[in-house]
Amino acid sequence: MADDYLVRIGKLIRDARQHRGWTQTQLAEALATSQSAVNRIERGNQNISLEMIARIGEALDSEIVSLGYAGPMHLRVVGRRRLSGSIDVKTSKNACVALLCATLLNKGRTVLRRVARIEEVFRLLEVLNSIGVRTRWINDGVDLEIVPPAELDMESIDAEAAIRTRSIIMFLGPLLHRLDRFKLPYAGGCDLGTRTIEPHMIALRRFGLDITATEGLYHAQVEQGVAPVRPIVLTERGDTVTENALLAAARHDGVTVIRNASSNYMVQDLCFFLEALGVRVDGVGTTTLTVHGVPEIDVDVDYSPSEDPVEAMSLLAAAVVTESELTIRRVPIEFLEIELAVLEEMGLDHDRSAEYAADNGRTRLVDLTVRPSKLEAPIDKIHPMPFPGLNIDNVPFFAAIAATAQGQTLIHDWVYDNRAIYLTDLNRLGGRLQLLDPHRVLVEGPTRWRAAEMMCPPALRPAVVVLLAMMAAEGTSVLRNVYVINRGYEDLAERLNSVGAQIEIFRDI
């Protein structure tokens with residue numbers, strides 16, 4: 001009976017694929033699997049989960065194949081399981097989305113290696129495809145090939161996909177070199193309070209860009225021939241602001257100096273990619289970048305983005321809260337040194353390997369082994385600072401870590417309006433977090449975590465923090481509607497399961 005069911009499902013998948021006009025190889029690329037695996041599924045010779053059926057249905061846009069998919073993805077977490085073994089850090093989410101935007105600078109073929117297969121990337125690919133850019137997953141779905149058209153079709157832009165990602169804002173820098181006028185949907189992403197684009201405009205106006213915002217759209221107009229005559233001083237040392245300025249400067253035929261620039265990991269990766277395109281960038285890793293732009297870029301380029309320090313911090317926090325010994329491989333140590341210094345002060349027992357180079361040849365990696373530790377609350381408050389300070393996106397993980405430590409920890413998340421509020425969701429799981437104001441949380445530890453069923457917070461890092469607390473809690477928890485986690489993490493549940501977690505993906509039937 002089970003075999004007959006698999007055969008019938010396989011025929012439905014084959015019919016839906018053929019109806020769409022896809023080969024088995026094309027479906028395999030969309031699913032990040034092999035053609036032989038698709039062939040086995042279609043012949044009914046491979047077990048197939050409801051989650052895989054849903055993914056195939058989404059890829060083929062077929063309601064027949066997506067039987068059983070009736071809503072968002074949820075996680076069922078069995079807690080108090082120790083992690084063990086080793087786990088690799090994936091490539092940087094924030095670098096990958098910046099590089100996808102940067103491919104609009106290039107008339108040639110771009111191949112990005114080991115791109116994170118996450119919702120944020122998928123949404124950007126939908127936007128790129130809608131305006132005429134050809135993209136395809138190659139090498140068994142590991143790498144991504146991007147080929148731009150001679151002319152972009154901005155009138156056909158996928159607005160629905162665009163508004164689900166804040167990364168769309170980084171189209172402004174490249175597009176001002178290609179079009180005299182264009183429209184972009186408002187940027188979306190996490191719910192982190194009011195986030196203005198004015199810092200972007202302060203930089204981009206220097207290149208002739210003017211924007212009027214009406215009816216959910218940015219109406220952009222470019223005055224050609226306008227260029228900076230003195231250094232650009234950013235009013236906010238933000239990552240995407242710096243990236244937009246870099247993208248605008250890359251094809252400016254001259255030298256652009258950007259001051260108060262972010263030197264964070266994704267900005268450095270973008271600089272390395274621009275150098276691969278033939279754009280010289282001086283001062284990488286500092287707050288003053290000097291860009292020697294070129295008016296035309298038409299090269300075939302192959303680039304490997306580096307690993308994600310925030311994912312590395314997530315995995316480190318998972319080991320700490322579950323009191324596990326875990327080796328986290330390919331950690332970009334340059335961007336995690338302050339966090340580790342704070343954790344050492346708290347009593348973290350860990351070792352790190354000798355440094356080695358990432359695939360981009362520039363970023364320094366280590367393998368980090370974390371062991372169960374008796375932690376004490378830090379003397380000073382936890383607060384973010386621009387690189388090389390404690391990373392803004394790593395602050396939420398200290399809420400879960402501080403909850404396991406003895407004593408009180410003050411967390412001051414001064415950057416975002418709402419994010420500290422979401423951290424109090426840990427109280428549903430037995431945490432003792434007191435919200436002092438929209439930016440400050442007092443964490444009392446140690447915590448006896450308990451299971452709960454709850455909705456996923458609408459911000460990426462607090463959502464993962466809640467998941468980690470569920471992994472430490474006694475009993476079975478349910479985290480509902482985890483799309484926001486899938487925006488920034490590739491197969492997080494499956495990868496945590498590979499080192500001993502017990503997390504089940506399910507959907508409402």
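The protein chain holds 18 helices and 23 strands, counted as DSSP runs numbered from the N terminus (helices are H or I of at least four residues, strands E of at least two). Its radius of gyration is 23 Å, close to the 23 Å that the globule rule gives for 509 residues, so the chain is as compact as a globular protein of that length. That radius is taken over C-alpha atoms, and the globule rule is 2.2 Å times the number of residues to the power 0.38.

A quick note on the model: it is predicted, with local features needing pLDDT of at least 70 and side-chain atom pairs pLDDT 80 or more, while totals for chains, interfaces and linings use all residues. Residues are numbered from 1 along each chain as its sequence is written, and side-chain values use heavy atoms, leaving out hydrogens and water.

**Overall build**
- Along the principal axes, the C-alpha atoms fill a box of roughly 65 × 65 × 45 Å.
- Of contacts (heavy atoms within 4.5 Å) between residues at least 6 apart in sequence, 73% join residues at least 24 apart.

**Surface and burial**
- Of the 509 residues, 55% count as buried, meaning under 20% relative accessible area, with exposed over 50% and partly exposed in between (1.4 Å probe, protein chains only).
- The chain exposes about 20,300 Å², 47% of it supplied by carbon and sulfur atoms.

**A closer look at Ala276**
- Ala276 sits in helix H11, which covers residues 265–276.
- With a relative accessible area of 37%, Ala276 is partly exposed.
- Asp300 is 24 residues from Ala276 along the chain, and their C-alpha atoms are separated by 9.5 Å.

How values were computed: Areas by Shrake-Rupley, 256 points an atom, 1.4 Å probe, with all protein chains shown as cover.
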